[in-house]
Amino acid sequence: MTKDQTIGEALRARGVSRRGFLKFCAATASLMALPPAMVPKIAAALEKARRPSVIWLSFQECTGCTESLTRSHSPTIEDLIFNSISLDYHHTLQAASGTAAEEDRKTAMKENYGKYLLVVDGSIPVGNPGFSTIAGVSNMDMLLETAAGAAAIIAVGTCAAFGGIPYADPNPTKARSVTAFLKEYGNRLPNTFTVDETGQTDPVDVTNKPVINVSGCPPIPVVISGVLAHFLTFGKLPELDSLGRPMAFYGKSIHDRCYRRPFYDKGLFANSFDDEGAKKGWCLYKLGCKGPTTYNACATTKWNEGTSFPIQSGHPCLGCSEPDFWDGGGFYKALSTPTGDITRTAVYAIGAGAAAGVALGALNRSKRAHMRKTHSKVGIDDLEKGDKS
Amino acid sequence: MLPHIDDACHSVPGSAATGNVIPLLHEVRHALQALLEQGAETVIDLRAIPLGPGEEERIAETLGRGEVQVSMSALGPSELIETRYPGVWMSLHRNQEGEVIGRYIEICLVPSLVRSQEADIRYGLQELDSRLQE
Amino acid sequence: MTPAELLMWVRGPALQFATVVFVVGVAVRILEILLLGRKPDLAEARGSEVIGGLRTIISRSIPDRGTLQRSSFNVVAGYIFHAGFFLALFFFAPHILLLHDVFGVYWPSLPTQFIDALTVVSIITLLAVLFHRITHKVMRFLSRPSDYVAWLLTILPLITGYLAFHRVGLAPPLLMALHIGSVELLMIVFPFTKLMHAFTLFLGRYYNGAIAGRRGVNA
């Protein structure tokens, strides 16, 4: 596939009939949670769209997001989408390595300056640039350098979107999400900056680069490809929520779409794993389900091509698409319970209260005894004292 | 072949339902009336509707199978059947690896993908021409 | 602070602080009352103090005819919203989980729709109570700022709880945080206002009953 072909031409060249192309467009519309009536518009847009260059940078991550998206032994619709883009750089998937790979990246950046999509997975450690490096370049520098000419950044996975597991207490590497990193360091010069690299002579302030957060640990594969498909079709990013996530997939909470909701409403809960309630498929709120405060498409789109999702398989939702879900008070602690040890606090408080009460009581008694001895009378002022409360 | 959901879906017992089955069938009914009276076609994307385990089978069972079954091979296998209610079609699309990429209920005379496409006809005409010239 | 962080804060340090203030405050006030004690009754006892005291704790819950006739609104509305508040607090499943976590005890919950309806009834009743307090000459005369504060702190958990359950208006984590926060506010202010009646009513009723019981009469 040459870079100048449109997607329509590229598919035709691969022997895909127009019928096949329309089937692909229908699947893409479904992916992007768009109504079937949009299919002709998507077909028209994709036919004319040029394949954008995509650079994928993997930082402090576990590679789960890449695994989620690309099942290496069974390509899916995601594969088709990847064939519609020019994935110019990806550590796990590319064959090249070392200097050759880095040269590929720099060439792609230069040739597509201002137009390429930058996909980031993993968080960025700022505690010490040496904590995570690629080809000797720190994550901080690589992101600053590559973000300069990007049209937009897609932060894939909760690590890139919100910090994820490296960000969890105590955050030893001082990991940052893409957005947090850009806000703090976006106007700095990467250490790798050389004047003639991208044709720029001044450092580019990337603080306000558009970032779309595709959170989840990992994100549902169709969500990743849905965002890419949206960008391919419409040339811009979809509508985002207050945390920068696409509304189409993160607009509703798990709780609002969960098929076990009728049990929550009726007050029928599983009390432990594998008890009667659990076997009957009752609500998992008591087992710590974070469904009420988690926004993702798991309850409708589900996983493994619509097979199931954690709650359906009997495990409470972890809230993995939300910020700080690792520090959310415990996976198996219900949302309505305290995070600390309140019982101990209450016991200490009773002790302290008893001591204070006894002390004050003794004080009151001695005051009363004194008043009796001196035959003090209760006056109108004493009576009105209580009245002012 | 259609509609077949893997047993993994049945692993969770319980009568939990989203209650979306009846409203969906009503939507189909209204679309069918619109087709009859105005010739308006409707496509319902089943992936966009939250359905509990077993609910999709209920829908498929209710709609049943009619006289026509179309098996298509374009970017992977697809099956489109007319249900026992003429004008109501159910389609299941898979990619080349056999994974499901789309499930629809179409209320129309014939699903659009079954019809031959103009670009393909043009291409085929060219091919036939060169074949006849040999 | 994001809604999620706020929720973590109200479930964590804020709850610790509120618990300390509430427990210490209630303990101090009850002990002060108990330690001041009553004037010793030097006459010979004609009946049992304890039985009289305990009986009165229960018998005072039934309004006497005079009170019922004169202040029927106060009595009826009071019963309704107190019942609603307690049932919602102690028989709603997520609350039972919280109490189980703190006290280790567990009991069955009531159906959620029932609690939901009860909450609405309680909120409406509380609004009626406020209206009555403002419009009734005597009530208005007797009312102090702390009475209105206590009213506000009582209705806020009900309203925020209702909104949090139905997830309307704001993001669910924020609604949850506001609900828990409103309860903590109630806990902190509780020992300094007439809300202490929740505990002192038992002391008051017992004393009345004990005094009368010792004399051999019913209170």
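View 1. The model is predicted, with local features requiring pLDDT of at least 70 and side-chain atom pairs counting only at pLDDT 80 or more, while totals for chains, interfaces and linings use all residues. Residues are numbered from 1 along each chain as its sequence is written, chains are lettered from A in the order in which they are written, and side-chain values use heavy atoms, with hydrogens and water left out.

**View 2. Helices of chain C.** Chain C holds eleven helices and zero strands, where helices are DSSP runs of H or I with at least four residues and strands are runs of E with at least two. Its C-alpha atoms fill a box of roughly 65 × 40 × 35 Å along the principal axes.

**View 3. The contact of chain A with chain C.** With contact taken as heavy atoms within 4.5 Å, 47 residues of chain A and 36 residues of chain C take part. The two chains bury about 3700 Å² between them, 60% of it on carbon and sulfur atoms, buried area being the accessible area (1.4 Å probe) lost on putting two parts together, summed over both.

**View 4. A salt bridge between the chains.** Two salt bridges are counted between chain A and chain C, each requiring a side-chain nitrogen of Lys or Arg within 4 Å of a carboxyl oxygen of Asp or Glu. C:Arg167 pairs in this way with A:Asp256, and their closest N and O atoms are 3.1 Å apart.
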